Amino acid sequence: MKIPFLDLKTPHLQLQDELTAAMQRVLASGWFIAGPELESFEAEFARYCGAAHCVGVGNGLDALHLLLRAYGIGPGDEVLVPSNTFVATWLAVTQAGATPVPVEPDAATHNIDPARLEAAVTPRTRAIMPVHLYGQPADMDPILAVARRHGLVVIEDAAQAQGALYKGRPVGSLGDAAGTSFYPGKNLGALGDGGAVLTSDPAIADKVRRLRNYGSEQKYKHDVLGYNSRLDELQAAFLRVKLQRLDAWNVQRRALADAYARALPADLLVLPQVPAWAEPVWHLYVVRVADREQVQARLRAQGIDTMVHYPIPPHLQACYAGPDWGALPLAETLAREVLSLPLYPTMETAAVERVAAALRDAGLAPRNG
């Protein structure tokens, strides 16, 4: 039996009646943009994340970009970003006209290393943008301490971590603001693109609301140069249905991650490490392995799909060619070794055992650490 990397079909079939009812509710209203479904979802998701305000936007990249714009961050400014992340984190900074400054990760968690931040701060630094990578919270307290010492804004990239907790507090409410994504494969995914800004600062929320709507708060009156980036009514209605299931799905993800931790050969792989203060939601289950392409091929031959998050770090992407980004050996090592194993809420524990057995039989050499 084939084990897909991700199953998006089954959970939507299980919710088919509720999703259909949500769609019919939108159709019957005749209101498709900036209506009651969006308003209700924004209130519900803000409450879930422990933030005062949620502003729905078109996608996760826009959420980060519009936040930078709302804080007045642009040309001449620098933003500290992880060297090991999806390129969207960097693109948001570039789109705002600012300069991303990469900071290497903690080798254990793959998240930005707070101990490296201070050395990266310059007089031009305006913000830090930590990413809660793979669904595991970044270590926010020391990040915030650096930010407060230098008067910097902290914008969380929470696209992979809806429902994760840091010292008992939900991500998305830990910094000054946060951006998240509802791309279909996320823990809370729409049936298309979508994103949101989270903040407890009413002035920032108001600025993002204007920016997402052509720079307008009143129809045909445009106060600032804005964008068209709005989470539509249909996606908001779908997300309201799925938000009610998010905690249960995350519980299932945690159970599968625990099963992986028990079953995988720790002498052959580097397994994820979770600090005592973190409660991840396992958007991805990422191990490190030598000879990754060979391992992937052997698993593929047994019907097991895997992916790589991410094979090329942002500083080596063609779109960022030119500047001297400095030495970033940890990001490059991770890009060579990381391997994402199948994990999704409808996955059976027996599938975890099969993946683990396939890895044990893949001919891996023992690792030294």
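Mentor: Helix 3 and helix 9 are roughly parallel to each other, because angles under 35 degrees count as such. The model is predicted. Its helix 3 (residues 36-49) and helix 9 (residues 233-263) pack at about 25°, with axes 7 Å apart.

Trainee: Which residues of helix 3 and helix 9 meet?

Mentor: In helix 3, they include L38, F41 and F45. In helix 9, L239, L243 and L246 are among them. By class, the contact has 10 nonpolar, 2 polar and 5 charged residues.

Trainee: Why are strand 1 and strand 3 called edge strands?

Mentor: Look at the open sheet of 7 strands, in the order 1-9-8-5-4-2-3. Strand 1 (53-57) and strand 3 (99-103) each pair on one side only.

Trainee: How do you know that strand 2 and strand 3 pair?

Mentor: Pairing needs at least two bridges. Strand 2 (residues 78-82) and strand 3 are joined by 5 bridges, so they pair. The two run parallel.

Trainee: Which residues of helix 11 are buried?

Mentor: Buried means under 20% relative accessible area. In helix 11 (residues 329-337), A331, L334, A335 and E337 are buried. These residues pack against strand 13 (285-288), helix 10 (292-301) and strand 14 (338-341).

Technical notes. Residues are numbered from 1 along each chain as its sequence is written. This is a predicted model: local features need pLDDT of at least 70, side-chain atom pairs count only at pLDDT 80 or more; totals for chains, interfaces and linings use all residues. Side-chain values use heavy atoms; hydrogens and water are left out. Axes are lines fitted to C-alpha atoms, for helices over the stretch in contact, and angles run from 0 to 180 degrees between N-to-C directions. Helices (H or I, at least four residues) and strands (E, at least two) are DSSP runs, numbered from the N terminus. Angles under 35 degrees count as roughly parallel, over 145 as roughly antiparallel, 65 to 115 as roughly perpendicular and the rest as oblique. Contact means heavy atoms within 4.5 Å. Ala, Val, Leu, Ile, Met, Phe, Trp, Tyr, Cys and Pro count as nonpolar, Asp, Glu, Lys and Arg as charged, and the others, Gly among them, as polar. Buried means under 20% relative accessible area, exposed over 50%, partly exposed in between (1.4 Å probe, protein chains only).
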